[in-house]
Amino acid sequence: MGWLNQISLRWQAAMSTTYRWPAQDMMLPEQRYLHLVGGIHMGTSEMSPLPARLLKKLHQSDALIVEADITRDDAPFDNLATYPPLAERLNAEQLARLVARTAELGVSITLFDRQPLWQIAMILQATQAQTLELRPDYGIDYQLLIAAHQHNIPVIELEGTDSQLTLLHALPDNGLTLLLDTLTHWHTNARLLEMMIGWWRGWQPDDDKLPLPSTFSQPLHDMLMQQRHLAWCQKLLSLPSGRYIVAVGASHLYGEGNLPEMIKERQLTGTL
């Protein structure tokens, strides 16, 4: 079992480095080095420019790995099917909660009437982020992607926008649970966003099992987090030798069932 001890020691050594941003280092067999960055898809002006040390790591890497390359000209939400009115898809209590939240945000409920429920949830989440002064062009993955393209650094997608859209379409009841979770955990999600903003202001967690506020019900967590982590693990553990920056949402790197812990378990067991 000496190889297990060797992997454990290499893991501990890699995890000993600290950064000004939320990140974890992993050494995989066959000379593969991962610098996992806990990003946030919408950021504040304080998050730009990115730390010089992070950009140096990017310039020295063989590729940038992201969930999806959001700098491409794709318009994944164009040409979506229209749906029956919300009054036919939500019960009275659910519709009243949605109306109250959109009124609070100053958004007309009529804009959502024919949209899929998962899209309504995503628009609400993006609007909430904007109320906290977060903007897409300050997102960590966006800034890393721009820098990678400028320096001709290859970009590898863990999923891509098409796969993400397929996943959203596969949500039960057209994404009803995602919409209800968004409404139920509205203030919790705001706290989570503020926590992640704080990490990029100079404090970062030093425990990959750091508890994070839950914003998903368990079935949705399994589908949007655990199942995706399994697919990501397979892709990351199949990489050729090299140095990689892996930028994913910070919630994927910390808390229950996080991506680094899953990668570690599969290293120890030898499973992909």
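How many aromatic pairs does a search of the whole structure find? The search finds two aromatic pairs, where rings of Phe, Tyr and Trp (its six-membered ring) pair if their centres lie within 6.5 Å. The structure is a predicted model, in which local features need pLDDT of at least 70, side-chain atom pairs count only at pLDDT 80 or more, and totals for chains, interfaces and linings use all residues. Residues are numbered from 1 along each chain as its sequence is written, and side-chain values use heavy atoms, with hydrogens and water left out. Helices (H or I, at least four residues) and strands (E, at least two) are DSSP runs, numbered from the N terminus.

**Aromatic pair**

- The ring centres of Trp 199 and Tyr 254 are 5.2 Å apart and the ring planes stand at 65°, so this pair is edge-to-face; planes under 30 degrees apart count as stacked, over 60 as edge-to-face and the rest as tilted.
- The pair links distant parts of the chain, 55 residues apart: Trp 199 belongs to helix H9 (residues 186-199), and Tyr 254 to the loop between S5 and helix H11 (259-269).
- Trp 199 is buried, at a relative accessible area of 1%, and Tyr 254 is buried as well, at 2%; buried means under 20% relative accessible area, exposed over 50%, and partly exposed in between (1.4 Å probe, protein chains only).

**The sheet**

- Five strands make up an open sheet of mixed pairing, in the order S1-S2-S5-S3-S4; two strands pair if DSSP finds at least two bridges between them.
- From one strand to the next, the twist averages 25°.
- S2 and S5 run parallel and are joined by eight bridges; Arg 32 stands opposite Gly 242 in S5.
- S3 and S5 also run parallel, with four bridges between them, and Ile 65 stands opposite Val 246 in S5.
- S3 and S4 are parallel too, joined by three bridges, and Leu 64 has Val 155 of S4 as its bridge partner.
- Seven of the eight residues of S5 are buried, so S5 is largely enclosed by the rest of the structure.

**Helix H6 against the sheet**

- H6 packs on the sheet, where it touches S2, S3, S4 and S5, and its direction makes about 150° with that of S3.
- Axes are lines fitted to C-alpha atoms, for helices over the stretch in contact, and angles run from 0 to 180 degrees between N-to-C directions.
- In helix H6 (residues 140-150), the buried residues are Ile 140, Asp 141, Gln 143, Leu 144, Leu 145, Ala 147 and Ala 148.
- The cover over these buried residues includes strand S2 (32-39), helix H2 (52-59), strand S3 (63-66), strand S4 (155-157) and strand S5 (242-249).
- Asn 152, which follows H6, has a positive phi, near 55°.

- H5 and H8 pack with their axes 7 Å apart, at an angle of about 25°.
- H5 and H8 are therefore roughly parallel to each other; angles under 35 degrees count as roughly parallel, over 145 as roughly antiparallel, 65 to 115 as roughly perpendicular and the rest as oblique.
- The crossing of H5 and H8 is left-handed, a term used if the near helix is turned anticlockwise from the far one by less than a right angle, clockwise being right-handed.
- The contact between them (heavy atoms within 4.5 Å) involves Leu 117, Trp 118, Ile 120, Ala 121, Leu 124 and Gln 125 of H5 with Leu 176, Leu 178, Leu 179, Thr 182 and Leu 183 of H8.
- Helix H4 (residues 92-105) and H5 have axes that come within 11 Å and cross at roughly 35°, and H4 passes H5 in a left-handed crossing.
- Leu 98, Thr 102 and Leu 105 of H4 meet Ile 120, Leu 124, Thr 127 and Thr 131 of H5.

**Two buried residues of these helices**

- Gln 128 lies in helix H5 (residues 117-131) and is buried, with a relative accessible area of 3%.
- Apart from neighbours within four places in sequence, Gln 128 is in contact with Trp 186, Asn 189, Ala 190 and Leu 193.
- Leu 183, in helix H8 (residues 176-184), is buried with a relative accessible area of 7%.
- With neighbours within four places in sequence left aside, Leu 183 is in contact with Arg 97, Leu 98, Arg 101 and Leu 124.
- Leu 183 and Thr 215 are 32 residues apart along the chain, and their C-alpha atoms are separated by 9.8 Å.
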